[in-house]
Amino acid sequence: MSRLDKNLGIEHNLKITSDVVRNRISKILLKNSEIEQNILIDAMNYMLLGDGKMIRPFLVFATNSIYSTTIPQHVVDLATAIEVIHTYTLIHDDLPAMDNDDYRRGRLSCHKKFEESTAILTGDALLTLAFEILSSDNNASIDPKVRLHIFNEMAKLIGFKGILLGQILDLNCKVQKYSAEELKRTRILKTSNLFIASCKFSAMMNNANSEDINVLALFAKKLGLAYQIKDDIEDNENEGGQDLLKGLVNESLKHLDIFDSKSLLLKDFTSYLFRSCLSN
């Protein structure tokens, strides 16, 4: 079994995370390519094995480290499924009808490398693949009620009441001015939801109590919100957001106090993500 090491730096643990998730993705895609190699498999490989930051899989593994010294296969599959979902959202975000971006992760975006129709179908393929991974036999050791709850809540977090709604609101935001509350809601739906899934479902797979799960969900919600604000600041779309960002980061860290040293990786990772903003 793989494991993170709290005695080593975040970048080392991010490398471990990346290696574990990429290895799992490679095995899944290799198995499928042995059945029939086609452009869809090529596009999935291109997007999934690019230079992703692996933020969400790391949150899965770091949350798992609160309860376990090793990373069991079902937790690996959760992290992999969430990275697959995240990649699907990026492919669709980049489409001409959405943000119309030519580059992603330092390379041509999916619709530029292949075709727009291929990119749409690749996103669809990744979304369905994520649930195939989550429902694999590797998760059979988890209580069936917990598995069902994770499937159901994942669908809500990424569906028409979740990330998809966030995307619609984000598109509308470009043509009409949003209030602070409307903008906050958009950021939570579009960005925080997968952060919440990463921490909450990892805790649930470890049979965490309801208080832990709720606290981790709050931590992830504020972390995701802060991350999106940071992104907006860097894109010069949120001037004056520095104080709000610092407040959210401090609040998210405060939520982790109930775990004491067990949440060291989550705390260090939060500081790592925002070190450039918080030092100003």
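User: What makes the pairing of the Lys 200 and Glu 153 side chains a polar contact?

Analyst: The two side chains come together at 2.6 Å, and a polar contact is a pair of N or O atoms within 3.5 Å, where within protein one atom must be able to donate a hydrogen and the other to accept it, and residues adjacent in sequence count only if both atoms are side-chain atoms. The value of 2.6 Å therefore falls within the cut-off. This is a predicted model, in which local features need pLDDT of at least 70 and side-chain atom pairs count only at pLDDT 80 or more, while totals for chains, interfaces and linings use all residues. Residues are numbered from 1 along each chain as its sequence is written, and side-chain values use heavy atoms, with hydrogens and water left out.

User: Where is Lys 200 placed, and why is this residue called buried?

Analyst: Lys 200 belongs to helix 9, residues 180-205, where a helix is a DSSP run of H or I with at least four residues, a strand is a run of E with at least two, and both are numbered from the N terminus. Its relative accessible area is 16%, and buried means under 20%, exposed over 50% and partly exposed in between, using a 1.4 Å probe and protein chains only; Lys 200 is therefore buried. Beyond its neighbours within four places in sequence, Lys 200 is in contact (heavy atoms within 4.5 Å) with Glu 153, Ile 213 and Ala 217.

User: What makes Arg 22 buried, and which backbone oxygens does its side chain meet?

Analyst: Arg 22, which sits in helix 1 (residues 10-35), has a relative accessible area of 18% and is therefore classed as buried. Its side chain reaches the backbone oxygen of Leu 49 at 3.1 Å, and a polar atom of that side chain lies 2.7 Å from the backbone oxygen of Gly 50. Leaving out residues up to four places away in sequence, the residues that Arg 22 touches include Leu 48, Asp 51 and Met 54.

User: Why is Asn 100 called partly exposed?

Analyst: Its relative accessible area is 45%, and therefore Asn 100 is partly exposed. Asn 100 lies in the loop between helix 4 and strand 1 (103-104), and its phi is near 55°, a positive value in a residue other than glycine.

User: Why are helix 4 and helix 6 called roughly antiparallel?

Analyst: Helix 4 (residues 73-94) and helix 6 (residues 116-134) pack at an angle of about 165°, with their axes 8 Å apart. Axes are lines fitted to C-alpha atoms, for helices over the stretch in contact, and angles run from 0 to 180 degrees between N-to-C directions; under 35 degrees counts as roughly parallel, over 145 as roughly antiparallel, 65 to 115 as roughly perpendicular and the rest as oblique. Helix 4 is therefore roughly antiparallel to helix 6. Residues making the contact include Leu 78 and Ile 85 of helix 4 and Leu 127 and Leu 134 of helix 6.

User: What makes helix 3 roughly antiparallel to helix 4?

Analyst: The axes of helix 3 and helix 4 come within 8 Å and cross at roughly 155°, so helix 3 is roughly antiparallel to helix 4. Among the residues that meet are Val 60 and Phe 61 in helix 3, and Leu 78 and Ile 82 in helix 4.

User: Which residues have the most contacts inside the largest nonpolar core?

Analyst: They are Leu 59, Phe 61 and Met 154, in a core of 84 residues; a nonpolar core is a set of buried Ala, Val, Leu, Ile, Met, Phe, Trp, Tyr and Cys residues joined through side-chain atoms within 4.5 Å. Helix 10 (residues 210-234) gives the most to this core, with eleven residues.
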